[in-house]
Amino acid sequence: MSFELPILTYSYDALEPNIDARTMEIHHSKHHQAYTTNLNNAIAGTELEGKSIEEILKVCKDKPAVRNNGGGFWNHRLFWEIMAPNGSSHPSGDLAAAIDVAFGSFDGFKDEFAKAATTRFGSGWAWLCVSDGKLEICSTANQDNPLMGEGCSGAPILALDVWEHAYYLNYQNRRPDYISAFYNVINWDVVAEKYKAAK
Ligand code: MN3
C-alpha cells in the first residue's frame, strides 16, 4: 500500500487573502504530490514499504530520499490540516491555559513562534510541540521534523512551512508578513484536539 496525497477539506482559494489560491494549488498539487510520489518510490521494495509514516520518520536519518520526501509528506499533511478558511482566531480551554503557562500569553506565543519561523535560515518549518505534557516551540531545516528527533523531542501539533514556495508568489521576500497572515487561518480547534491527544 502506498502513501496518497491527502484531499484538502477546503478549496484552493479558501484561505485568500492570507494564502493565495495559486500558491495553494501549486503547493498541494505539485510540491506535496512530488514528496508523496518520491516517498513511495524511495521505499518501494525496501524494508520500509508497508510501515506507517511515523515509523518511517523514526529511522530515516541516514536515508536522504526517505528523509526529505517522508518529511515532506508528513509535514504538509499536518500543515493543511491545521488551517481553515475561518480559523478560530484564538485557542481556548486547556490549550489556551497551556499556552499561557508556556509563553505568558497568546501574544507571547505568537511572538516566539514568529521568531522561530523568521529566523529559520533558508528553507524549513516552525513547530509547536507537546513535550512531556508541556508546549515547546522549535524549528527545523528542509523537510526535517521533530518525529525524526530534529528540533525538539516533542510531538508536533502546529506547523508552519517557511520554504519560499509557500509564500513567494504573494509575499516575495516578506516572510514576516506571511507569518502574520498565517495566524488568521489557524484552525485552533484542530490544534486543541492534537494537544489533547499528545499531552
Ligand atoms: Mn512546502
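# A tour of helices, rings and a metal site

Start by selecting helices α4 and α5, which are roughly perpendicular to each other (a class for angles of 65 to 115 degrees, where under 35 is roughly parallel, over 145 roughly antiparallel and the rest oblique). This is a predicted model, in which local features need pLDDT of at least 70 and side-chain atom pairs pLDDT 80 or more, while totals for chains, interfaces and linings use all residues. Residues are numbered from 1 along each chain as its sequence is written, and side-chain values use heavy atoms, without hydrogens or water.

Helix α4 covers residues 93–103, and its axis lies 8 Å from that of α5, at an angle of about 65°. Axes are lines fitted to C-alpha atoms, for helices over the stretch in contact, with angles from 0 to 180 degrees between N-to-C directions. Helices here are DSSP runs of H or I with at least four residues, strands are runs of E with at least two, and both are numbered from the N terminus.

Next, select the residues that make the contact (heavy atoms within 4.5 Å). On α4 these are Ile 99, Asp 100 and Phe 103; on α5 they are Phe 106, Gly 108, Phe 109 and Glu 112.

Stay on α5 and show the rings of Phe 106 and Phe 109. Their centres are 6.0 Å apart and their planes at 15°, so the pair is stacked. Rings of Phe, Tyr and Trp (its six-membered ring) pair if their centres lie within 6.5 Å; planes under 30 degrees apart are stacked, over 60 edge-to-face, and the rest tilted. Phe 106 and Phe 109 are three residues apart in α5 (residues 106–119), about one helical turn. Phe 106 is buried at 11% relative accessible area, and Phe 109 is buried at 0%. Buried means under 20%, exposed over 50%, and partly exposed in between, with a 1.4 Å probe and protein chains only.

Phe 113 is in α5, whereas Tyr 183 is in the loop between α7 (175–182) and α8 (188–198), 70 residues apart. Both residues are buried.

To widen the view, select the cluster linked by ring pairs, which includes Trp 74, Trp 80, Trp 125 and Phe 182. The structure holds 17 aromatic pairs.

Finally, select the manganese ion. His 27 (NE2), His 76 (NE2), Asp 161 (OD) and His 165 (NE2) coordinate the ion at 1.9 to 2.1 Å. Donors are N, O and S atoms within 2.8 Å of the metal (3.2 Å for Na, K and Ca); water is not among the atoms, so sites may look incomplete. Asp 161 and His 165 are buried.
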